[in-house]
Amino acid sequence: MGLTLTGKSKSTAGENWGMGLLLVFFSEDSPPSAIADHKNLFPSSSLSSSGRRSNYNLLTKAQSTISVCALLVFVSLLLFTLSTFEPTIKMNLAPPRRLLSQKSMPIEVRTPLENRWNWFGKMSKQKSPMGKTTTDAVSTAALQRMGILYMRGTRAMADLTVVHVSEDVGEEDLRLFLRLFHRSGVTAKSDSVFVFPSPAFSSRFGSIIREENELFLKLLGRYRNLNGTAKRSAAAGFDVTQFVKQREKKEPEEPIWGKKVKRLVNDSNGGEDELTRLSYGSVVSFDAAEIDPENSLSGFLDHIPMSLRRWACYPMLLGRVRRNFKHVMLVDAKNSLLLGDPLGRVRNKGAESVILFPNKHSKRNSEKSNSHQIVNPAIVIGGARGIRRLSNAAVVEIARILMQHKKKNWVSDSGVLSHLVNSEFLLKNVKVIMATESIPEASSLAGVELDSVGSWSAAEKKMFQRGNNGNSREINSIIMKKICSSEIDSCVYSDC
């Protein structure tokens with residue numbers, strides 16, 4: 001049973017309802033279900049206690065998660081800090097990555113003359129021709145992280161000689177070319193760039209280039225310390241005076257190849273007059289893939305020979321150094337031998353001038369037909385601008401011929417240059433000068449007497465081509481016999 005009490009109260013503001021009280025009475029005979037229903041009428045106490053427990057659990061979990069994350073961050077910072085600190089001794093003893101196969105040695109700054117290589121390219125201390133102690137190092141990049149620098153010259157040169165090495169060049173032929181190349185005096189006024197078909201050829205012939213550079217510097221040192229240098233060198237066929245220049249009031253410009261180095265030792269050491277100094281150019285090399293990364297002619301022919309691909313390499317190479325050189329010579333290492341400096345022909349010509357040499361059979365053909373001339377592509381010399389324009393025109397012409405010619409294997413650089421020369425419009429921005437004489441064959445050297453070997457550097461014929469008569473070994477033997485006729489030269493070259 002239940003009883004309800006209500007009350008009313010009056011105030012000055014008006015009548016308001018009062019608070020009511022509800023009393024519920026249950027008898028002792030009430031069933032348990034009624035008591036349960038009574039408890040369900042007031043569930044707030046149980047809900048509040050369960051909510052407090054859930055909030056407490058969530059807070060505990062959040063605190064533990066934050067603690068774990070903070071610990072991980074602290075450990076990571078600690079490990080990173082410890083990894084950045086290394087002992088000073090380890091930094092001094094650890095060699096560069098490129099020298100892992102070498103013995104650790106202190107690095108010395110050398111003058112350009114002391115930048116030398118032995119046969120195996122390993123680091124070793126040795127005496128230079130000037131009596132200075134040097135430390136050899138591995139080759140460095142030649143230009144803009146590309147190429148290989150074999151020998152850094154003493155100064156910036158105004159001329160550039162680009163030698164392309166074809167796929168069928170033998171080691172003996174390249175060695176003889178390099179030996180005569182240095183002795184000819186070309187390196188006295190020109191930097192030299194060798195272009196290889198692939199990195200494999202660069203690795204194969206790199207040791208030969210280093211060794212011949214070493215022998216050339218050794219030869220310079222021997223002749224420089226002699227009395228009466230001009231007379232003795234002329235008798236040996238090697239004129240060292242062309243590599244000795246008068247000292248200038250200001251220091252000459254540094255070569256563009258490799259990194260610049262500070263000169264710590266004057267070149268006047270070794271008994272030479274302080275008013276003179278040695279002068280020679282740099283020797284570097286590039287792979288065709290470095291200066292023609294797209295292989296521009298690959299879409300026209302499955303295999304592009306080096307005789308054709310070189311014309312796609314020249315625009316990139318000459319474009320990068322166009323502000324550094326005035327005259328350029330293109331030379332074939334397999335078919336050419338230089339006994340003098342052919343660049344003297346273009347030093348008084350314009351920048352657009354290009355001198356081409358006729359093929360040995362071209363003279364008879366031109367007598368019959370004055371309109372057609374066959375060009376010998378072994379040696380091309382001219383102004384830097386003219387050579388660059390010629391190479392651009394040659395690339396376009398090679399692509400055009402490969403697209404139109406059915407027998408693509410018959411396309412040659414001689415035919416391409418001949419077509420350009422005989423066309424009235426293709427080379428209108430190049431001043432082409434056809435030489436009156438062709439390049440003589442090296443077989444004519446067999447008739448030169450040993451006593452006249454000194455006339456090689458002063459002869460009118462400063463270049464020869466090997467020819468295809470199969471007597472390459474005989475020519476090599478004749479030339480080496482003339483070189484080894486000098487006592488000094490025979491001491492320098494171990495194969496004499």
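**Figure 1. Lining of the second largest cavity in the predicted model.** By class, the residues around the second largest cavity of this predicted model comprise five nonpolar, no polar and two charged residues. The lining is made up of Leu 318, Val 321, Arg 322, Phe 325, Val 328, Ala 384 and Arg 388. The volume of this second largest cavity is about 40 Å³. A search of the whole structure gives three cavities of 30 Å³ or more.

**Figure 2. The chain as a whole.** The secondary structure of the chain consists of 13 helices and 18 strands. The chain has 496 residues, of which 42% count as buried. Where contacts join residues at least 6 apart in sequence, 77% of them link residues at least 24 apart.

**Figure 3. Strand 15 and its two faces.** Strand 15 spans residues 353-358, and because six of its six residues are buried, the strand is largely enclosed by the rest of the structure. In a regular strand, side chains alternate between the two faces of the sheet. From strand 15, Ser 353, Ile 355 and Phe 357 point one way. Val 354, Leu 356 and Pro 358 point the other way, and the residues of both sets are all buried.

**Figure 4. Pairing of strand 15 with strands 16 and 17.** Strand 17 (residues 431-434) pairs with strand 15 in the parallel sense, over four bridges. Strand 16 (residues 375-383) pairs with strand 15 in the antiparallel sense, also over four bridges. Ile 355 takes part in both pairings: its bridge partner in strand 17 is Ile 433, and in strand 16 it stands opposite Ile 381. Val 354 of strand 15 stands opposite Gly 382 in strand 16.

**Figure 5. Strand 16 and its pairing with strand 13.** Nine of the nine residues of strand 16 are buried, and the strand is mostly covered. Besides its antiparallel pairing with strand 15, strand 16 is joined by five bridges to strand 13 (residues 327-332), and these two strands also run antiparallel. Leu 330 stands opposite Val 380 of strand 16. Leu 330 is also one of the contacts of Arg 310, the subject of the next view.

Figure 6. Arg 310 belongs to helix 8, which covers residues 306-320. The relative accessibility of Arg 310 is 0%, so this residue counts as buried. When neighbours within four places in sequence are left aside, Arg 310 is in contact with His 164, Leu 330, Pro 377 and Asp 413. A polar atom of the Arg 310 side chain lies 3.3 Å from the backbone oxygen of Ser 307. Asp 292 is 18 residues from Arg 310 along the chain, and their C-alpha atoms are separated by 8.9 Å.

Figure 7. Ser 336 lies in strand 14, which covers residues 336-338. With a relative accessibility of 0%, Ser 336 counts as buried. A polar atom of its side chain lies 3.0 Å from the backbone oxygen of Asp 332. Neighbours within four places in sequence aside, Ser 336 is in contact with Phe 177, Val 331, Ala 378, Ile 379, Phe 464 and Gln 465.

Figure 8. Helix 12 covers residues 472-483 and contains Ile 475. Ile 475 has a relative accessibility of 5% and counts as buried, because the cut-off for a buried residue is under 20%. Not counting residues up to four places away in sequence, Ile 475 touches Leu 337, Ala 442 and Ser 443. Ser 443 is 32 residues away from Ile 475 in sequence, while the C-alpha atoms of the two are 6.6 Å apart.

Figure 9. Most residues other than glycine have a negative phi. Gln 144, although not a glycine, has a positive phi of about 50°. Arg 145 also has a positive value, with phi near 60°, and is a residue other than glycine. Gln 144 is placed in the loop between strand 6 (133-135) and strand 7 (148-151), and Arg 145 lies in the loop between strand 6 and strand 7 as well. Arg 145 is exposed, with a relative accessible area of 83%.

Definitions and conventions
Residues are numbered from 1 along each chain as its sequence is written. This is a predicted model: local features need pLDDT of at least 70, side-chain atom pairs count only at pLDDT 80 or more; totals for chains, interfaces and linings use all residues. Side-chain values use heavy atoms; hydrogens and water are left out. On a 1 Å grid over the protein atoms alone, a cavity is a set of points where a 1.4 Å probe fits but cannot get out, and a pocket is an open set with protein on both sides within 12 Å along at least five of seven lines; lining residues have an atom within 4 Å of a point. Grid points are joined across faces, edges and corners, and a volume is the space filled by probe spheres set on the points. Ala, Val, Leu, Ile, Met, Phe, Trp, Tyr, Cys and Pro count as nonpolar, Asp, Glu, Lys and Arg as charged, and the others, Gly among them, as polar. Buried means under 20% relative accessible area, exposed over 50%, partly exposed in between (1.4 Å probe, protein chains only). Two strands pair if DSSP finds at least two bridges between them. Contact means heavy atoms within 4.5 Å. A polar contact is a pair of N or O atoms within 3.5 Å; within protein, one must be able to donate a hydrogen and the other to accept it, and residues adjacent in sequence count only if both atoms are side-chain atoms.
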